[in-house]
Amino acid sequence: MYGAHERTLYLPPAPAWAQSFKLLRAHIQLRLSGAGRPSVASFATDLGDRALRVTFFTGSVIGYVDNPAALLTRGLAHGLALRGHDVRVVESRRNPAFVRTMEQAGAAAARHFFDAFPTIQYHTYEPRSGASLLEWVTREIALLDVAVAVGGLDRELCRWIANVSRQRLLRAYLPWTLADVAPKRLLELEIALFDAVLAPFDVGGFTTHVRPIVAAVAGVDVEAGLTRDLESDYAVSLSDPIEAAIAFERATTLPAPPR
């Protein structure tokens with residue numbers, strides 16, 4: 001919607017779901033093309049110029065097996081999209097959480113995501129590093145209002161997002177578990193360089209740029225029985241994702257703290 005991006009979903013071979021590969025691929029291509037989707041405008045609040053361009057950089061938003069953060073991230077992204085914001089989620093191809101979910105839950109996990117979250121723009125990218133990764137990050141954030149690095153993201157990518165700044169861009173780190181804000185993790189990811197830490201729980205060690213948000217899981221994921229894998233260390237609220245989106249809006253429209 002705001003720039004050309006890779007749109008091909010990579011599906012690694014796995015015997016448990018290989019027979020449905022062609023059907024799933026056709027299904028995903030249909031969803032990515034926009035055919036059969038309700039318009040975002042049909043759900044949206046009239047935000048006008050206040051609509052945000054937001055991208056979540058995440059380990060995986062489809063791969064929820066042993067990765068409950070996927071459910072929380074897409075719950076928040078869903079609420080923002082329904083509020084009328086321009087929301088993208090990007091993840092690397094062949095990432096461990098996606099592969100693990102395809103092997104254990106089958107292609108139905110991907111079909112569920114595309115059917116349940118038609119307003120979330122989903123993109124994948126080929127894993128890269130060094131100068132190639134820096135060039136990609138620079139291009140990805142060029143037109144954003146908010147770039148969100150979700151806890152569990154690849155270390156090098158997270159650090160580049162923290163270090164590449166632009167006027168009127170807010171770079172936020174989003175931890176879903178206490179492990180995401182462990183002292184060692186904070187140092188190696190250079191979290192202090194982000195403009196904001198969006199946390200659904202109390203985070204020690206920061207005094208200026210922690211901003212509270214609300215964690216939520218979409219009703220369709222609850223109905224599908226996916227939340228049973230959420231552990232107690234995830235700060236989960238099963239309130240409406242719209243409430244989480246409103247809290248996100250408040251947190252990300254505050255001025256960035258002085259450096």
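Analyst: This is a predicted model. Start with Glu190, whose relative accessibility is 22%.

User: Why is Glu190 called partly exposed?

Analyst: Buried needs under 20%, and exposed needs over 50%. Glu190 has 22%, so Glu190 counts as partly exposed.

User: And what makes Arg159 partly exposed?

Analyst: The relative accessibility of Arg159 is 33%.

User: What makes Asp66 and Arg100 a salt bridge?

Analyst: Their side chains meet at 3.6 Å, N to O. The limit is 4 Å, so the pair counts. Asp66 lies in the loop between β1 and α2, Arg100 in helix α3, 34 residues apart. Asp66 is exposed, because 61% is over 50%. Arg100, at 24%, is partly exposed.

User: Are Asp221 and Arg74, which form a salt bridge, buried or exposed?

Analyst: Both Asp221 and Arg74 are buried. Their closest N and O atoms are 2.9 Å apart. Asp221 is in helix α8 and Arg74 in helix α2, 147 residues apart. A search of the whole structure finds eleven salt bridges.

User: Why are α3 and α4 called roughly perpendicular?

Analyst: Their axes cross at roughly 110 degrees and come within 8 Å. Angles of 65 to 115 degrees count as roughly perpendicular, so the label applies to α3 and α4. Thr101, Met102 and Ala105 of α3 make the contact with Ala108, Ala109 and Ala110 of α4. Those residues divide into five nonpolar, one polar and no charged.

User: Which residues of α5 are buried, and how do you know that they are on the same side?

Analyst: Leu133, Trp136, Val137 and Glu140 are buried. They cover an arc of only 100 degrees around the axis, which puts them on the same side of α5. Ala131 and Glu135, on the other side, are exposed. The buried residues of α5 pack against β1, β2, β3 and α6. The general rule: an α-helix has 3.6 residues a turn, so residues three or four places apart point the same way.

Definitions and conventions:
Residues numbered from 1 in each chain as written. Predicted model: local features only at pLDDT ≥ 70, side-chain atom pairs only at ≥ 80, totals over all residues. Heavy atoms only, no water. Axes fitted to C-alpha atoms, helices over the stretch in contact; angles between N-to-C directions. Helix = DSSP H or I, 4+ residues; strand = E, 2+ residues; numbered from the N terminus. Parallel < 35°, antiparallel > 145°, perpendicular 65-115°, else oblique. Contact = heavy atoms within 4.5 Å. Nonpolar A, V, L, I, M, F, W, Y, C, P; charged D, E, K, R; others polar. Buried < 20%, exposed > 50% of the residue type's maximum accessible area, 1.4 Å probe, protein only. Arc of directions from axis to C-beta.
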